[in-house]
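Visitor: I am new to reading protein structures. Could you walk me through this one, feature by feature?

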Amino acid sequence: MKFSTKELIEGIRSGNKRLTAKAITLVESKKAEHRLQAEELLKEIMPFTGNSIRVGITGVPGAGKSTFIENFGRLAIANGKKVAVLAIDPSSSINKGSILGDKTRMEELAKEENAFIRPSPSSGFLGGVANTTFETMMICEAAGYDYILIETVGVGQSEVLVADITDVFLFLKIIGGGDELQGIKRGIMEMVDLIFINKVEKDNLQKAKNTRLELKRALDFIPPKEKDWKIPVLLGSALHNEGLAEVYTKIDEFIALKKRAGRFNEIRTHQAEKRFEYWVQEYILAMMKKSDAVEEAYISHKKNASEMVSSPSTEAKLFVEKFLAKEKR
């Protein structure tokens, strides 16, 4: 059954999970007719977006991301929050398929009335996210979710791109396997806002403390992203709900610090500009045209995108169409 834009918006605003999921499917679609409706939908929900805390969660496979998200999400819900989880699964490079198994790994969170879990395939898009994750996030914000947790695919250095769409970038670390700093790329360390060493038990507590010390020393050599914020390195066990309350508190402290410094909205503006630039490239490629930018139109639409007058993807398309129309004269 095809739903009208009005029906989808009403469903999103009323918290209807089924219609929220349908709206996300629409935004993810690459069909031309779906793209037109998706742009209309995104434009209409813009006034209701921007009120969440966006948390990117990354770490190597096996770091316990799903367990962390499930129990952290339940903690946030216990504190009166609504939580949306956007779980990005890697797609096969051969048949483009994806398992999308995160709902089965988060059974308890999935039962919560105030939780919404949406697995999405990466579809070959690099950076640990899907190419429509930003737009999906806006739909969840319009649906009234207070926390949006983005679980990345955990592929390595390109994970840093998730920092371009979130307010907090959380890195999950596990101990064991030799040099504790081996495999932690400088790119991730430069982007991270909070580190949680997971799966800490009594028998590895001392080793976990040593790992925390090594990480703190490494961070001393990297310029901080935010003034007056010393990146916390916390210990705990997501499985046993140990240390999660401290993570919750630190996230709130970090958001409050950025807002006091006037950086919160500044960073979000910059992120929206990056999405605009991404979609400009996407639409130009889709239309198979190459050309120099029309500076006046580019600046105007980029300004609309950065100020969230309308969706960055919509502004990008308007710019490209205006430019091509001039070229055909």
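Visitor: Which residues do ring pairs link into a cluster?

Guide: Keep in mind that this is a predicted model. Here the cluster joined by ring pairs consists of F68, F72, Y147, F196 and Y248. In the whole structure there are 10 aromatic pairs.

Visitor: How are the rings of F68 and F72 arranged, stacked or edge-to-face?

Guide: For any ring pair, look at the angle between the planes: under 30 degrees counts as stacked, over 60 as edge-to-face. The planes of F68 and F72 are 10° apart, with 5.6 Å from centre to centre, and this pair is stacked.

Visitor: Why are F68 and F72 separated by about one helical turn?

Guide: Because they sit four residues apart in helix α4, which covers residues 65–78.

Visitor: Are F68 and F72 buried or exposed?

Guide: Both F68 and F72 are buried. For contrast in ring geometry, turn to Y298 and F319: their ring centres lie 5.4 Å apart and their planes meet at 80°, so this pair is edge-to-face.

Visitor: Where do Y298 and F319 lie?

Guide: Y298 belongs to helix α12 (residues 295–306), while F319 belongs to helix α13 (residues 312–328), so their pairing ties together parts 21 residues apart in sequence. As for cover, the cut-off for buried is under 20% relative accessible area. F319 has 4% relative accessibility, so F319 counts as buried.

Visitor: Now the whole chain, please. How many helices and strands does the chain have?

Guide: You can count 13 helices and seven strands. Of the 329 residues in the chain, 50% are buried. The accessible surface is about 16200 Å², and carbon and sulfur atoms account for 52% of that surface.

Visitor: What share of contacts join residues at least 24 apart?

Guide: That share is 78%, taken among contacts between residues at least 6 apart in sequence.

Visitor: And how do I look for empty space inside?

Guide: The general idea is to roll a probe the size of a water molecule over the atoms, which shows where empty space is left. In this structure, there is one cavity of 30 Å³ or more. About 30 Å³ of space lies in the largest cavity.

Visitor: Which residues line the largest cavity?

Guide: The lining is made up of V192, D193, P224, K225, E226, W229, I231 and F254. Sorted by type, the lining has five nonpolar residues, three charged and no polar ones.

Terms used. Residues are numbered from 1 along each chain as its sequence is written. This is a predicted model: local features need pLDDT of at least 70, side-chain atom pairs count only at pLDDT 80 or more; totals for chains, interfaces and linings use all residues. Side-chain values use heavy atoms; hydrogens and water are left out. Helices (H or I, at least four residues) and strands (E, at least two) are DSSP runs, numbered from the N terminus. Buried means under 20% relative accessible area, exposed over 50%, partly exposed in between (1.4 Å probe, protein chains only). Contact means heavy atoms within 4.5 Å. Accessible areas come from the Shrake-Rupley method with a 1.4 Å probe; for residues, only the protein chains shown count as cover. On a 1 Å grid over the protein atoms alone, a cavity is a set of points where a 1.4 Å probe fits but cannot get out, and a pocket is an open set with protein on both sides within 12 Å along at least five of seven lines; lining residues have an atom within 4 Å of a point. Grid points are joined across faces, edges and corners, and a volume is the space filled by probe spheres set on the points. Ala, Val, Leu, Ile, Met, Phe, Trp, Tyr, Cys and Pro count as nonpolar, Asp, Glu, Lys and Arg as charged, and the others, Gly among them, as polar. Rings of Phe, Tyr and Trp (its six-membered ring) pair if their centres lie within 6.5 Å; planes under 30 degrees apart count as stacked, over 60 as edge-to-face and the rest as tilted.
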